[in-house]
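Open the model in your viewer and keep the selection panel at hand. The tour moves from one selection to the next.

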Amino acid sequence: MESRTRVLLLTRAVSVAALSGLLLSGCAALRWPWWGERSGPAGDVTGAAQDEYQEEADAPPRVIDPEVERREIKRPKIDTENWELGAYYGWLTVEDFGTNPAYGIKAAYHVTEDFFFEANVGRTRLGLTSFELLNPGADPLNLGNERRLTYYSLSFGYNFLPGEVFLGRNLAMNSAFYVMGGVGSTKFAQEQKFTLSFGAGYRVLPTDWLAVHIDVQDRVFESDIFGTNKVTNNLEARLGVTVFF
Amino acid sequence: MPPALLAQDAGATRAERRAERRAARQAEREARREAKAERERERLLQVFVAEPFLELRTGPGRGYPVAQVVARDESVDVLYRRTDYFRVRTERGIEGWASARDMQKTLLADGSAFTLDLGDRAGFQTHRWELGALVGDFDGANLVSTFGAFSLNDNLKIELGGSQYLGEQRNGYMIDVGVVHVFAPEWRLSPYVTIGGGLFRVDEDAQRPNLVDRTDESAYIGAGARFYLTRRFFLRGEYKERVIFTSRNDNEELREWKVGLAFFF
C-alpha cells in the first residue's frame with residue numbers, strides 16, 4: 001500500500017518536472033520584451049553558430065554599463081548688491097546757530113525694490129548766535145572751541161517715484177524719488193538730544209553701481225540751550241555719492 | 001627720385017607703421033577683453049529659459065519697461081542680484097533685469113530647477129540674518145536701538161545690539177550680546193525670550209556729575225514678540241529687565257521696552 005502511494009507520488013513528481021521543463025524551454029524561445037534584443041543568426045545557421053547561439057542564450061543577459069556621466073553643476077554664488085555706501089556734503093541750518101557746511105557718511109540696505117534702511121553720521125560746525133555777533137568776544141554758552149555738532153540717524157525709506165531720466169537721445173538713467181523718516185541723536189554744546197528726522201531725496205544712477213543723491217532732511221529735537229524748552233527744526237540740504245555693492 | 005617724393009614716401013611708411021602698431025594694440029586689447037569675458041562666464045551662473053520667454057526690464061523694479069525677451073531654451077548668465085531682481089546677460093550680450101519670480105521658472109544646466117531665496121513667509125521661518133532698528137523707553141529716557149542677529153537654527157539666534165539712551169537726567173550707550181529663543185517661528189506672531197549682557201556706558205549724569213567709572217557691566221532678561229508683516233519685514237516688540245553692576249554699593253535695576261522694524265535676509 002505504502003509503496004504504491006510512493007510510486008504514485010513519484011510519477012506525479014516526474015511528470016510535473018517534465019511538463020515544467022517543457023514549458024520553460026518553450027518560454028525560453030519566446031522574445032519577452034524585457035529580455036532585450038538578442039543577437040544571433042535567425043535563419044539558416046551552421047552547427048557551430050547554433051551552439052554559440054545556444055550558449056549565449058543560456059548565459060545571463062549582458063548588463064551594459066551606461067557610459068553617461070552625470071554632469072556636475074557647480075553653482076556659483078550670485079553676488080547680491082543690496083548695500084549702498086557713500087558720503088555727502090551740504091549745508092545744515094542749526095536753529096540760532098546759522099547755516100554751515102556739513103558732511104557725513106551713509107550706508108543703506110535695500111530690502112525690496114520699494115523699501116530701504118539707511119544709517120548716517122554727519123558733522124558740522126556751529127556758527128555764531130546773534131548775541132555773539134552783536135557782542136564780539138562774548139561766550140554766554142561757554143562753548144569755547146567746542147563748536148562741533150555731530151548727529152546720526154537710523155531711517156526707513158520708501159522709493160516713492162521710481163523711474164528713468166533721459167539725457168539726450170542715447171542715455172537713460174534709473175532714478176527714484178524717495179521719502180524717509182527715522183530716529184537718532186544730535187550732540188552739541190555738551191548735550192545730546194533725541195532727534196526725529198524726516199526727509200525726501202532724489203537718486204539718479206548713472207551706472208548700476210553708482211548713485212548720485214540730492215536730498216533734504218529735517219532734524220527735529222527739543223533744545224533748552226537758551227533756558228527754555230523749545231522744539232527746533234534743523235534743515236539740511238546735501239549732495240551725495242554712493243556705490244552699490 | 002626728387003627729395004620731396006622721398007620725404008613723402010618716408011612719411012607714408014611711418015604712418016603705415018603707426019597704423020600697424022595701433023592695429024596690433026587693438027588686437028591685443030580685444031584678445032584680453034575676450035579672455036576676461038571668458039573667465040567671467042565661467043564664474044557666472046548660467047540658467048536656461050523654460051517658460052515661453054523671459055522678460056528683461058531696464059531697471060530693477062516692476063514698473064520699468066520690458067526692453068528685451070529671451071526665448072525658451074536660450075540661456076542667460078546671472079551677473080548679480082539687487083533685492084528681488086537679477087541682472088542677467090543674454091547669449092547675444094544684451095543685459096537687463098529679470099524678476100526673481102520669473103527666474104524661479106528657469107532651469108540650471110543639468111535640468112534641475114533654479115531655486116532661490118525669496119522674501120516670504122517661508123523665509124521668515126528659516127533665514128540666517130536679521131537687522132533692525134527699534135525705539136522705546138529706558139527708565140524714562142528715550143531709547144534708540146539697533147540689532148543684528150544670526151540664526152543658529154529656526155528657534156535660536158545670537159544677537160548683537162547697540163543702543164543709545166537719551167534722558168533728562170543722563171545719557172549714554174549700551175552694547176549687548178544675547179541669545180534669543182523663538183518659540184514658534186512658523187507662527188505669524190511668534191513670542192520669544194531673550195537673555196544676555198554687555199557694557200553700560202554713562203556719558204552724562206546730572207545726579208552724579210563727577211562720575212569716575214563711567215562704564216559698567218550689565219545683564220538682562222526679556223520677552224517679546226515678532227510679527228511678520230510682508231516680504232522681508234517684521235515688527236518686533238520687547239520688554240527687558242536690566243541689572244547694571246555698578247562700581248558703587250548698589251546695583252541698578254532698570255526697565256526697558258521698545259518696538260521697531262526689522263528685516264531678514
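Select β1(A) and strand β4 (residues 75–82) of chain B: they pair in the parallel sense over two bridges. Strands here are DSSP runs (E, at least two residues; helices are H or I, at least four), numbered from the N terminus. Two strands count as paired if DSSP finds at least two bridges between them. Now pick Asp79(A), which stands opposite Tyr80(B) in β4(B).

A word on the model. It is predicted: local features need pLDDT of at least 70, side-chain atom pairs count only at pLDDT 80 or more, and totals for chains, interfaces and linings use all residues. Residues are numbered from 1 along each chain as its sequence is written, while chains are lettered from A and ligands numbered from 1 in the order in which they are written.

Next, select the contact between the chains. Chain A gives 28 residues and chain B gives 36; contact means C-beta atoms, placed from the backbone, within 7 Å. On the side of chain A that touches chain B, the elements giving two or more residues include β1 (79–80), β3 (98–110) and β5 (148–167). The largest share, five residues, comes from β6(A).

Now show the barrel in chain A. Eight strands close it, in the order β2-β3-β4-β5-β6-β7-β8-β9, with antiparallel pairing. From one strand to the next, the twist averages 25 degrees. Angles run from 0 to 180 degrees between N-to-C directions, with axes fitted to C-alpha atoms (for helices, over the stretch in contact).

Finish on β8 (residues 210–223) and β9 (residues 230–244) of chain A. This antiparallel pair spans 14 bridges. Select Glu222(A): opposite stands Val231(A) in β9(A).

Conventions: Contact = placed C-beta atoms within 7 Å.
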